Structure formats: C-alpha cells, structure tokens
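Please look through the structure first.

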Amino acid sequence: MTIAFLFIALFGLMLIGVPVAISLGASTVLTMILFTDLELAGIPQLIFDGINKFSLMAIPMFILAGNLLSKGGSAKRIIEFAKSMVGHLPGGLPMSAIFACIIFAAVSGSSPATVVAIGSIMFVAIKEAGYPATYAVGGISTAGSLGILIPPSVVMIVYGVTAEVSIGKLFMAGVVPGVMLGAMMIAQTYIGARKLGFKATTPEPMSERIKKFGKAFWALLIIVVVIGGIYGGIFTPTEAAAASAVYALVISLFVYKDIKVKDIWAICLDSAMTTAMIFFIITNAVVFAYLLTSEQIPQAIADAMLSANIGKITFLIIVNILLFIMGQFMEPSSVVMIMVPLLLPIATMLGIDPIHFGIVLIVNMEIGMITPPVGLNLFVASGLTGMSLKDVIMSCLPWTLTLFVGLILVTYIPEISLWLPNLMYGN
C-alpha cells in the first residue's frame, strides 16, 4: 500500500503540472505522514547531508564551463575542423555537423547547448547545400543528445553520487559508447546521402586541415584537461570541473576573445539558475530515496523478482522499457534520482555492474531527449528552425532507431561500457 500510494501521488502531481522536484518532495512527505512512523523533524538534516558531498560541486563548474564555451565561437571553430576532415565525403556536410556535435558534446557536457551551438550554424548551411531539411534537423538533434553520455556529463555526476560509484570510472565508461553511437549515426548519414545521389568531392589539403585544427585547438584541449587530468591522477572529477571552468574562462576571454568581461555576469547567472534547478531536484530526491530505503521497498521488489526467476536479460528489458517511458516525460537528472534507488539494488543482486547499469540508464535518457512529448532537444530544434514539432520528430526518427540499436548493444554487451574503465582503473 505504501509504495502504491507513493507512486500514485508522485505521478498524479506531475500529471497536473506540478514541477518534478516539488512532486517528489510532496508525495514523499505525504506518504511518510499517512503510512509510516518516520519523523519529519529529521528531514532538513537529511537534505543537508544528502547534498553536502564534494562530488556535487562538479555540477555548477561543468555547467559554467559549458556555458562559457557555447556562448563564444568555439562551436564555429570545431565545425570548420570537422568539415575539413569529413566534408568531402558523400553527405559530408551533415556528417560534419554530427562529428562536430560529438566533439562539442565532449567540450560542453550539455545536450541542448550542443544542439543550439552546432544547429544555429549548420541547419541553414546543410539545407542550402541541397540536402533535405530533415537531414540537418534529425542528425544534429539526435547527435546533440550525446552531450549527456560523452564526458564530462552532469547526468553522470548525479548518477555517481546517487549510486555511490566512481565518477571517474563513469566518465571513462561513457567514452566508447558515445563514440560508437556517434560513428553509427555518421555511417547512417553517409549511406543515406549516397542513396540520395550525393557524390564525394576533393578533400581539403592537409595544410588546411592542420590550420583549422590549430584554430580549434584551444577549445579541443579542454577534453584533454578534464579526461587527461582525471586519468593522470592530477585532478579528482570535482577538481577537473573547476579547472575546466577556469580554462574555459581564460580561452574565451583572452585567447578567442569571444566574450567580454561584461558578459560574465549573465553567463554566471544562467549557470546558477540551471544549477539551482538540478540541486532542487536532488534535495527532494534525497528524501524520496530515504523513504524507499527505510521501508525496504527496493529489497521487496528485488525479492519478488528473484522469486519469479527473472534473470538479467528479462530485468534489463523491463528496465529499458520503464526508462524509455519515463525519459519521454521527465528531465534526465529527475529520472536518475527517482529510479536509481529503486532499480540499482535489484541490478546489483542480479550481478549487473553499477557502472554498466549507469551507462544503460544514460543512453535511455538520450533517447528520451529526442522523443515526444517532452524531449528537450525537439523543442530546441523546433525553436531554432521554425519547423513544427511534428516535423522535427519525424526528422529525428531514422537516427532515433539507430540509437535504439546502440542501446541494445550497450545493454547486452557490458564490455562496451566497462572495457575502458577496467583498462584504466583495473577490475
């Protein structure tokens, strides 16, 4: 009865338009009052303890770094470099856009920022080159979702704190799946362009490629600062986040000179608002997780599944269906905070690695960002292009199917996620 009331109240509040964070807190407190003997007086201390974690400091820093770079001209330089590498192939321009999305996702760590930064430049360019509008919108909107999978990723940090696993390992685990999914989308674009009759052109001279790499070098170097710093033992993930914010500020102000000192206040304010939204979700989710644990709800569900002889394969099918549905309606960090306390104990009992489980969850959230009714990237692309939401959804559909194939591979071949972290950190 307790769990039924909790989830009916939670989803009922969200259905009538109550924000996710408030729905989490209100449904939890109401359930505690009506069905448990838990003391409400301890909730403030519980919330403080839940967010008083060093790892969470990485979130505002990565958000600030991404905003500093996306507000400047880093995206344009990355696009020019990407075009010099693959622009001569059939479908070269949309392939360049997807390639640029992969790179910018690693630079910014944000899916919507990637769609805005790359799409604002490439949507029109691809259409003017004679490609169907769907090629630009579908490819960029879908590739932009890689921002939460390719490190650094705010969603990975939220998962790492919630699941109490190494954020450094999570970052490493996202690299191979992210590159694999990006490569699958590029291959799909290439094949589609050939079917449309597009031909290869003369590749740019190596000297020109080197020149464009040089212009993008300082933006690309932030990837080395974050990933190299963590792997090399120079930074913890939180320290790497702070270093990335300082680095982004320095190159935006003094190297590229894309922003001015007067712009910093607005960028910091925007970053603070995004951070506050995420932390408000986290604080309410802490209380939600406390209720689940106190009432041993995950253990009860796990025991029921084990007694029904549900194995890994069936469990992961159930998880993917559940996460796909939730990802269509909720922001990724919210899904992580709600579902991880419920599902991770079951996954662990079934022998599923928590790092692998985290990547499966995040790939599901990627798909959620490009599926209706609340896929954020869909609304961003619609606003940028002026296309109707229906047309954007249809444009994304071919690449969404590719992501589904990638999800199946990531789900049932754990080595795709675990190979790199095991190589770097050991088993």
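E80, K83, E204 and K212 are linked in a network of salt bridges. The model is predicted. The side chain of K212 meets that of E80 in a salt bridge, at 3.6 Å from N to O. K212 lies in helix 11 (residues 206–231) and E80 in helix 5, so this pair ties together parts that are 132 residues apart in sequence. K212 also meets E204 in a salt bridge, with an N to O distance of 3.1 Å.

Is K212 buried or partly exposed? K212 counts as buried, because its relative accessibility is 14% and the cut-off for buried is under 20%. E80 is partly exposed, with a relative accessible area of 27%. E204 is partly exposed too, at 26%.

How many salt bridges does the structure hold? There are 4. One of them joins R77 and D258, whose closest N and O atoms are 3.1 Å apart. R77 sits in helix 5 (residues 74–86), while D258 sits in the loop between helix 12 (237–255) and helix 13 (261–294), so the pair ties together parts 181 residues apart in sequence. R77 is partly exposed, at 22% relative accessible area. D258 also counts as partly exposed, at 28% relative accessibility.

The table lists three of these pairs.

| Pair | N to O distance |
|---|---|
| R77 and D258 | 3.1 Å |
| K212 and E80 | 3.6 Å |
| E204 and K212 | 3.1 Å |

Next, helix packing. Helix 9 (residues 154–163) packs with helix 16 (residues 332–349) at an angle of about 25°, and their axes are 10 Å apart. Angles under 35 degrees count as roughly parallel, so helix 9 and helix 16 are roughly parallel to each other. The crossing of helix 9 and helix 16 is right-handed.

The surface also carries a nonpolar patch of about 880 Å². Its residues are I313, I317, I321, I325, F329, V405, I408, L409, Y412 and I413. Which elements give two or more residues to the nonpolar patch? They are helix 15 (312–327) and helix 19 (389–412). Y412 has its place in helix 19. Y412 is partly exposed, with a relative accessible area of 34%.

F379 is partly exposed, with a relative accessible area of 40%. F379 and N284 are 95 residues apart along the chain, and their C-alpha atoms are separated by 27 Å.

Terms used. Residues are numbered from 1 along each chain as its sequence is written. This is a predicted model: local features need pLDDT of at least 70, side-chain atom pairs count only at pLDDT 80 or more; totals for chains, interfaces and linings use all residues. Side-chain values use heavy atoms; hydrogens and water are left out. Patches are made of residues with over 30% relative accessible area and no salt bridge: like charges are joined within 9 Å, nonpolar side chains (Val, Leu, Ile, Met, Phe, Trp, Tyr) within 5 Å. Accessible areas come from the Shrake-Rupley method with a 1.4 Å probe; for residues, only the protein chains shown count as cover. Helices (H or I, at least four residues) and strands (E, at least two) are DSSP runs, numbered from the N terminus. Buried means under 20% relative accessible area, exposed over 50%, partly exposed in between (1.4 Å probe, protein chains only). Axes are lines fitted to C-alpha atoms, for helices over the stretch in contact, and angles run from 0 to 180 degrees between N-to-C directions. Angles under 35 degrees count as roughly parallel, over 145 as roughly antiparallel, 65 to 115 as roughly perpendicular and the rest as oblique. A crossing is left-handed if the near helix is turned anticlockwise from the far one by less than a right angle, and right-handed if clockwise.
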